[in-house]
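Open the model in your viewer and keep the selection tool handy. We will go from one stop to the next, picking residues and looking at what surrounds them.

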Amino acid sequence: MAFELTGEWWRDRPLARRLLLVASGAALSLAYPRPEWPWLAWVSLVPLFFFSLVVRPRQAFLDGALFGLAFFTLLLRWLDYTFQTFSAIPWPLTFIVVLLLSAYLACFIGGVAWAGSRLHRAFGSGLALVMLPFLWVTAELGRTYVLSGFPWGLLGYSQYRQLALIQIAAWTGVYGVSWLCALVNAAIAAVLRHGARGLVLGAAPAGLIVLAVGVLGARQLDEPSGRSLTVALVQASIDQATKWEPSVQSETLALYARLTEDAASRKPAIVIWPETALPLVLRHEPDVVELLRSLSREHDVPLVVGSIDALGRDRSVRLYNSTFLVTQQGIVDKYDKIHLVPFGEYVPLKWALGFVTRWAAFISELDSGTRPVVFQFADAPFGTVICYEGIFPGLFRQFVANGATWMVNVTNDAWFGSTNGPLQHLAMLPFRAVENRVGIARSANTGISTLIEPNGRIGPSLALFERGVLLGRVSLRGETTWYTRFGDLFAYGSAGLSLIFGVFSLRRRHSSR
């Protein structure tokens with residue numbers, strides 16, 4: 001039987017088709033940390049794309065959702081550790097939460113397969129295969145913003161160590177790398193569907209595009225770096241289970257002070273503590289503020305400190321997850337986290353879902369900040385993104401567009417233990433560096449603290465649960481990238497193209513009736 005006729009075989013054997021979809025979805029999860037086999041991202045979508053040309057749109061949606069459920073359940077399995085460790089939900093009910101989140105995210109992949117099937121029926125397999133990478137990017141853009149967004153595990157993130165390829169993100173954002181991976185998958189599906197014709201019209205052009213992107217990216221890796229700044233990152237590795245107990249707060253403060261003195265002895269320009277390093281409302285603790293001011297004055301070094309801030313009184317008090325810039329004059333500026341974690345830092349639809357706070361001690365009730373603050377620091381102004389904010393390209397970009405010459409990411413990944421969560425979280429940050437050609441200093445409570453170069457290369461690091469100080473140089477921004485100027489133009493263009501062809505496919509369907 002000719003290869004291009006195998007679609008009918010798969011359509012008539014739903015069990016075999018679904019098993020392959022589950023296997024390929026599971027395989028895609030292996031492209032990310034851990035075990036981190038990035039080559040799987042270039043082939044794992046092939047069954048999904050191929051089957052979208054074989055079955056009806058409704059079945060294609062279910063097939064895509066099944067693929068997505070397998071992918072996200074395995075990718076996000078580290079969340080089960082958080083729920084088991086820090087909530088009152090018994091296992092296996094904790095895993096149901098992971099399944100529900102995975103099912104929601106899987107619907108976006110189901111939508112890609114559904115749209116691909118619709119386009120195939122309206123215009124034929126050629127246009128459908130061309131459009132599938134754009135449809136994939138559109139779905140990723142939707143995941144970034146719909147219901148506050150959860151862009152974890154975007155396809156491009158699997159390539160974070162392929163430095164030559166990811167340089168395209170300076171124009172397209174991470175979505176451009178996702179598009180490249182999806183393009184190769186679609187090209188292989190074209191070969192399976194059309195044989196030699198698919199090889200000539202699909203695989204060959206896709207291969208040339210990837211080669212060109214890699215060659216141009218490799219040339220950019222050789223560009224000389226400009227100005228840099230010496231920074232010290234403090235990783236205290238405080239146990240999350242006891243961090244907020246009043247009895248250990250003085251011990252925590254003493255540990256940070258000791259590590260800061262060690263860091264200051266190496267003469268950095270600034271010392272950076274992680275997210276909520278001080279488990280208290282900083283501005284309501286004048287003795288602690290005075291200690292920080294004294295540390296800064298004695299060692300002639302500013303501090304970036306993660307803590308909680310509060311505005312208002314009594315029942316109207318508003319709490320914020322904040323970073324403070326402290327000098328020998330005291331607190332000179334602060335930034336309040338804008339993009340909070342749903343069911344972590346606030347409860348969406350609290351009138352209906354407020355009961356979940358009784359199940360999980362880690363759910364806070366915080367308010368969000370309103371603007372990205374750029375700290376004025378000598379001739380090297382910088383911005384800070386707090387934890388989860390680093391996975392949102394558009395938010396990160398705002399700090400650089402507002403004048404930041406380098407960026408700080410403070411985080412507390414202790415919630416995830418030694419699972420894959422901290423590693424996957426870190427893997428997204430190199431793209432923020434490339435997109436804006438900006439150096440990043442990352443300070444994490446339990447790790448991984450590191451410095452990231454503007455080309456996305458991850459530098460020296462402190463490992464998970466290692467206590468210590470990391471001293472290094474962070475590069476200052478020397479150019480303004482296309483992405484910094486125009487943002488996610490490529491992703492929105494993909495969405496616009498998808499919408500146009502979607503409308504035409506509906507009109508063609510109605511006109512054919």
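Begin by selecting Ser125, Leu129, Pro133, Phe134, Trp136, Val137, Glu140, Leu141 and Thr144 in α7; they meet Tyr175, Ser178, Trp179, Ala182, Leu183, Ala186, Ala189, Ala190, Arg193 and His194 in α10. Contact here means heavy atoms within 4.5 Å. Helices are DSSP runs (H or I, at least four residues), numbered from the N terminus. This is a predicted model, in which local features need pLDDT of at least 70 and side-chain atom pairs count only at pLDDT 80 or more, while totals for chains, interfaces and linings use all residues. Residues are numbered from 1 along each chain as its sequence is written, and side-chain values use heavy atoms, with hydrogens and water left out.

For the colouring, Ala, Val, Leu, Ile, Met, Phe, Trp, Tyr, Cys and Pro count as nonpolar, Asp, Glu, Lys and Arg as charged, and the others, Gly among them, as polar.

Now for the geometry. The axes of α7 and α10 come within 9 Å and cross at roughly 150°, which makes α7 roughly antiparallel to α10. Axes are lines fitted to C-alpha atoms, for helices over the stretch in contact, and angles run from 0 to 180 degrees between N-to-C directions; an angle over 145 degrees counts as roughly antiparallel.

**Next stop: Ser125**

Zoom in on Ser125, which belongs to helix α7. Is Ser125 buried or exposed? With a relative accessible area of 11%, Ser125 is buried (buried means under 20%, exposed over 50%, partly exposed in between, with a 1.4 Å probe and protein chains only). Beyond its neighbours within four places in sequence, Ser125 is in contact with Leu53, His120, Arg193 and His194.

Select helix α6 (residues 93–123) together with helix α7 (residues 125–145): their axes come within 9 Å and cross at roughly 155°. The pair is therefore roughly antiparallel. On the α6 side, the contact includes Leu105, Phe108, Ile109 and Val112, and on the α7 side Met131, Leu132, Leu135 and Trp136 are among the residues taking part. Its classes come to 14 nonpolar, 4 polar and 1 charged. While you are on α6, click on Ala103, which is partly exposed at 34%.

**On to α10 and α11**

Helix α10 (residues 174–194) and helix α11 (residues 196–221) pack at about 160°, with axes 7 Å apart, and that makes α10 roughly antiparallel to α11. Here the crossing is left-handed. Highlight, for example, Leu183, Val184 and Ala187 of α10 with Gly202, Ala203 and Ala206 of α11, which are among the residues in the contact.

**Last stops: Tyr256 and the cysteines**

Jump to Tyr256 in helix α12 (residues 246–264). Tyr256 is buried, at 1% relative accessibility. Which residues surround Tyr256, leaving aside its neighbours within four places in sequence? Show Val234, Ala236, Ile238, Trp273, Pro274, Ala277 and Asn445, all in contact with Tyr256.

Finally, pick Cys107, which is partly exposed at 37%, and Cys387, which is buried at 10%. The whole structure contains 0 disulfides (pairs of cysteine sulfur atoms within 2.5 Å).

Conventions
Helices (H or I, at least four residues) and strands (E, at least two) are DSSP runs, numbered from the N terminus. Angles under 35 degrees count as roughly parallel, over 145 as roughly antiparallel, 65 to 115 as roughly perpendicular and the rest as oblique. A crossing is left-handed if the near helix is turned anticlockwise from the far one by less than a right angle, and right-handed if clockwise.
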